[in-house]
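Hello,

Here is the structure for you to look through. My notes follow below it.

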Amino acid sequence: MAADSTAAAAAAAATPAPAPAATVQVPRGQVDLIDFIDWTGVECLNQDSSHSIVNALKQSLRDDEGLYLASDSDEQLLIYIPFMQVIKLHSALFKGPEEEGPKTIKLFSNKEHMGFSNVNDYPPSDTLELSSDHLIENKPLPLKYVKFQNVRSLTIFIEDNQSGSDVSKIHKIALYGTTVDTTNMKDLKKIEEH
């Protein structure tokens, strides 16, 4: 019995502890925009129903390496993310496996109701070409900031993946930027003339 527990202890000691998740260096002056996403309007076309967009986008789920967003019938994904208020988008982080992780990502600011049939009808606000190194670095990529100044919604088109396989996988999508201070006209008081 003592030999069994000694062998189990030796095996446990020989098993390396899981590596801690690398922390993300949030760009200076920017915040994670997760709290400004309008979750009721988030959509993802061509997602595998058992590996949906919430796995890659929601705070508590996107840091779990066992969960991911996966495409269904081919490698393409079309993700629509509305925001509860106007934001300025500075950078984006995409994390995924080296083989099935996204390669070409097109970002569209304020383009609603896009589908696979018309996604190429509009010029993207920015295009990212990710390498397999980008997918494991856990580092946000700066965007063309001038193109993302008054963003009410973001459409993300995953065009292909690193290996050209039929399934794309994304472990994490994080968006960084700031909110735009706007005036709520209802809060203004009418000035009466005397």
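**What was found**

From the N terminus on, the elements run α-β-β-α-α-β-β-β-β-α-β-β-β-β. That comes to four helices and ten strands (DSSP runs numbered from the N terminus: helices are H or I, at least four residues; strands are E, at least two).

This is a predicted model: local features need pLDDT of at least 70, side-chain atom pairs count only at pLDDT 80 or more, and totals for chains, interfaces and linings use all residues. Residues are numbered from 1 along each chain as its sequence is written, and side-chain values use heavy atoms, with hydrogens and water left out.

Of the 194 residues, 40% count as buried (under 20% relative accessible area; exposed is over 50%, partly exposed in between; 1.4 Å probe, protein chains only).

Now the salt bridges (a side-chain nitrogen of Lys or Arg within 4 Å of a carboxyl oxygen of Asp or Glu). The count is four.

- Arg62 pairs with Asp32 at 2.2 Å, N to O. Arg62 sits in helix 3 and Asp32 in strand 1, 30 residues apart. Arg62 is buried, at 5% relative accessible area.
- Glu65 pairs with Lys95, their closest N and O atoms 2.9 Å apart. Glu65 is in the loop between helix 3 and strand 3, and Lys95 is in strand 4, so the bridge ties together parts 30 residues apart in sequence. Glu65 is partly exposed at 45%; Lys95 is buried at 14%.
- Glu159 meets Lys106 at 3.6 Å, N to O. Lys106 is buried, at 17% relative accessible area, while Glu159 is partly exposed at 22%.

Best wishes
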